[in-house]
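Reader: I would like to learn how to read the features of a model of this kind, one at a time. Where should we start?

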Amino acid sequence: MINEILSKAAIGELHKLIDTNGFFVLTCHAGPDGDAIGSTLAMAHYLKALGKEAQVIVPDAYPDFLAWMPDSQEIVRFDKHRAKAELLLGAADVIFALDYNGLKRVDDMGPVIACSKARKVLIDHHLAPDDFCELSFSYPALSSTCELVFRIIYMMGGYEKLTKQACECLYAGMMTDTGAFTYSCSHQDLYVIISMLMQKGINKERIYNKVYNNYSEGRLRMMGYVLYEKMRVFAACHAALITLSRDEMNRFNFIKGDTEGLVNIPLQMKGICFSAFLREDTEKPLIRVSLRSQGTFPCNKFAEQYFGGGGHLNASGGQYHGTLDEAIAHFEKVLQEFCCNGQGHS
Ligand code: 5GP
Ligand code: MN
């Protein structure tokens, strides 16, 4: 049905690893998104269907609009229940690293994973993974880690064991990482996979509504405010910038996830192919940077060069240590530099 593009040798090794072990811990990156929560939960559902013990551990909070995912209430947060999480990570036979390419992406959980005697398996679609797992499935060309998890389970002959709940999680991750199938989703296999998930009884409309039509009033008003009052356009560079301070977020009763997707909106403007979003972190004294682009503008290079980050060509992020005003000034300066060097829009 779908092309079996993954390494058969690696699939065989993973199959053996699953057969011969009992307790699996599934981890994802800090600030978990739909793909992170979807892929960890889906893998946990699958392993449980095989009669294994499986536990999802995430570095910190995930947005409310993902809390409908089956078994999300069983997720352990490392930042909130550190002692329990450390025990589980220490006791695991196998730790899966899902949707991240290096231990720096899991904050304080990194050293604990590094020290664990568990076997480690990477399943991810970000570029250039660090070498911290003995078995690695790194496929940056794929839409999402959820697509990769489906392909792995399919190639292991596990499609029959996929429950409707697991399929809902997989679909949610594929949907959120592609902006509801608007980017990074041009491979025909993806739609065969969706069809196979639908055969298990998932309801696409229901999942869409749970994720995208579930915002608070504050989130919508904040969106209006940001676009009307805070957006700046740098027409010569085909770029736009939006910013939010902690005070502004508080004004709109900010909760985790409320800024999700905002950075994509300026790309709807004619002629804009690069969008940046700078916001004060709600807990740490730093500025979070989200970057999105269309076409060949390399967001990841921009994030690497100027904001200590990285990511994909069209979606990347990083951080800035300083005030929001300093971050904005830095952005303006480096945007000019990047454009003048011809590294941006051609
Ligand atoms: P977001 O804007 O949603 O926070 O991040 C978009 C993408 O940028 C993520 O999926 C990830 O690939 C990448 N990213 C975000 N922050 C960082 C960072 O600090 N370092 C690296 N290497 N990548 C990041
Ligand atoms: Mn992802």
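Reader: Which protein donors does the manganese ion (ligand 2) have?

Author: Donors are N, O and S atoms within 2.8 Å of the metal (3.2 Å for Na, K and Ca); water is not among the atoms, so sites may look incomplete. In this predicted model, the protein donors of the manganese ion (ligand 2) are Asp-35 (OD), Asp-99 (OD), His-125 (NE2) and Asp-177 (OD), at 2.2 to 2.4 Å from the ion. Along the chain their spacing reads D-x63-D-x25-H-x51-D. Asp-35 belongs to helix H2 (residues 34-49) and His-125 to the loop between strand E5 (119-124) and strand E6 (135-138), so this pair ties together parts 90 residues apart in sequence. Helices (H or I, at least four residues) and strands (E, at least two) are DSSP runs, numbered from the N terminus.

Reader: What conventions lie behind these labels and values?

Author: Residues are numbered from 1 along each chain as its sequence is written, and chains are lettered from A and ligands numbered from 1 in the order in which they are written. The model is predicted, so local features need pLDDT of at least 70 and side-chain atom pairs count only at pLDDT 80 or more, while totals for chains, interfaces and linings use all residues; side-chain values use heavy atoms, with hydrogens and water left out.

Reader: Are Asp-35 and His-125 buried or exposed?

Author: Buried means under 20% relative accessible area, exposed over 50%, and partly exposed in between (1.4 Å probe, protein chains only). Both Asp-35 and His-125 are buried. In H2, 14 of the 16 residues are buried, so the helix is largely enclosed by the rest of the structure.

Reader: What span should H2 have?

Author: The expected span of a helix is 1.5 Å times one less than its number of residues. For the 16 residues of H2 that gives 22 Å, and the end C-alpha atoms are 22 Å apart, which agrees. Just after H2, Gly-51 takes a positive phi of about 90°.

Reader: Which residues other than glycine have a positive phi?

Author: Most residues other than glycine have a negative phi. Ala-128 has a positive phi of about 50° and is found in the loop between E5 and E6. Ala-128 is exposed, with a relative accessible area of 63%. His-238 has a phi near 55° and sits in the loop between strand E7 (232-234) and strand E8 (239-244). With a relative accessible area of 26%, His-238 is partly exposed.

Reader: What does Ala-166 touch?

Author: Contact means heavy atoms within 4.5 Å. Ala-166 lies in helix H6 (residues 164-177) and touches Ala-42 and His-45, not counting residues up to four places away in sequence. At 0% relative accessibility, Ala-166 counts as buried.

Reader: What is the strand order of the open sheet of six strands?

Author: Strands of a sheet pair through backbone hydrogen bonds, either parallel or antiparallel. Two strands pair if DSSP finds at least two bridges between them. Here the order is E3-E2-E1-E4-E5-E6, with parallel pairing. Strand E3 (76-77) and E6 stand at the edges with a single partner strand each, so one side of each is left without a neighbour in the sheet. Strand E4 (residues 94-98) is joined to E5 by five bridges, and Val-94 has Arg-119 as its bridge partner in E5.

Reader: Which strands does helix H1 lie across?

Author: Axes are lines fitted to C-alpha atoms, for helices over the stretch in contact, and angles run from 0 to 180 degrees between N-to-C directions. Helix H1 (residues 8-19) lies across strand E1 (23-27), E4, E5 and E6, at about 125° to E6. Helix H5 (residues 145-155) lies across E4, E5 and E6, at about 120° to E5.

Reader: Which residues form the covered face of strand E12 (residues 315-320)?

Author: In a regular strand the side chains alternate between the two faces of the sheet. In E12, Ser-316, Gly-318 and Tyr-320 form the covered face, and Ala-315, Gly-317 and Gln-319 the uncovered one. Strand E10 (residues 287-293) runs antiparallel to E12, joined by six bridges. A hairpin through three residues joins E11 to E12.
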